[in-house]
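Subject: Structure handover

Hello,

I am passing on the structure we spoke about, with notes on what was found in it. Please have it open while you read.

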Amino acid sequence: MSDKDSSTAKSYLDSAIAQGQSALGSLTGSTGDKTEAAARKEQAAAEKESSHSVGKLGPLNVSPSGGVSTDDPNRSEGSWNQTVGSAKESIGSLVGSESLKKEGSQQNAEGKGQEAQGQLSDLGSGVQDRVKGTVGGIAASITGDREKEEEMRMKHDDAKTKQRSAEADIQKQAEA
């Protein structure tokens with residue numbers, strides 16, 4: 001909403017314009033149009049990547065648009081439980097304790113579920129709050145309430161940060 005240089009919607013629009021410009025360049029034989037289309041396509045890809053980037057320090061997330069969010073506590077606690085569970089499994093294997101190994105395996109599995117629950121909570125609330133921020137911002141813009149419009153823009157940006165952070169973590173786990 002506020003970060004026009006890293007908007008996903010803007011990146012899609014620029015990409016579509018680049019495709020049209022490239023097609024026009026191919027039809028007319030204009031290398032200038034083709035070159036400009038290629039540059040616009042690269043810019044669109046950079047905009048899309050920027051709109052999906054999130055800086056993360058522990059449970060704190062920050063986006064290029066200035067959005068700030070904190071992770072659902074289940075994400076951190078689940079990650080901790082996975083770490084402790086893995087350690088118990090390793091120590092159990094090392095000392096030959098099947099009960100410690102089994103306890104570690106169970107704690108690791110519970111931690112994965114707990115982390116996933118936190119990620120889904122952040123993803124859902126991020127999407128929901130982005131919609132509320134967008135709709136509220138439009139309503140405030142129509143009524144001319146600039147203070148409320150700014151408040152809704154910040155709500156949108158913070159929610160986008162929360163959503164993108166959850167998406168990034170989910171993607172990392174899917175790739176692992």
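Asn 108 counts as buried because its relative accessibility is 11%, where buried means under 20% relative accessible area, exposed over 50% and partly exposed in between (1.4 Å probe, protein chains only). Before the rest, a word on the source: this is a predicted model, in which local features need pLDDT of at least 70 and side-chain atom pairs count only at pLDDT 80 or more, while totals for chains, interfaces and linings use all residues. Residues are numbered from 1 along each chain as its sequence is written, and side-chain values use heavy atoms, with hydrogens and water left out.

Surroundings of Asn 108

Asn 108 sits in helix α4, which covers residues 98-143. Helices (H or I, at least four residues) and strands (E, at least two) are DSSP runs, numbered from the N terminus. Setting aside neighbours within four places in sequence, Asn 108 has contacts with Asn 81, Gln 82, Gly 85, Ser 86 and Glu 89; contact means heavy atoms within 4.5 Å. With Ser 86 there is also a side-chain to side-chain polar contact of 3.0 Å. A polar contact is a pair of N or O atoms within 3.5 Å; within protein, one must be able to donate a hydrogen and the other to accept it, and residues adjacent in sequence count only if both atoms are side-chain atoms.

Helix α4 has 46 residues and spans 67 Å from first to last C-alpha, close to the 68 Å expected at 1.5 Å a residue. The expected span is 1.5 Å times one less than the number of residues. Just after α4, Gly 144 has a positive phi of about 80°.

Helix α5 (residues 146-175) has 30 residues, so at 1.5 Å a residue it should span 44 Å, and the 43 Å between its end C-alpha atoms agrees. Its buried residues include Met 152, His 156, Ala 159 and Ala 166.

Ala 116 also belongs to α4 and is partly exposed, because its relative accessible area is 31%. Between Ala 116 and Ala 166 there are 9.4 Å in space, C-alpha to C-alpha, and 50 residues in sequence.

The chain as a whole

There are five helices and three strands in the chain, in the order α-α-β-β-β-α-α-α along the sequence. Of its 176 residues, 29% count as buried. Among contacts with a separation of 6 or more, 61% are between residues 24 or more positions apart.

Regards
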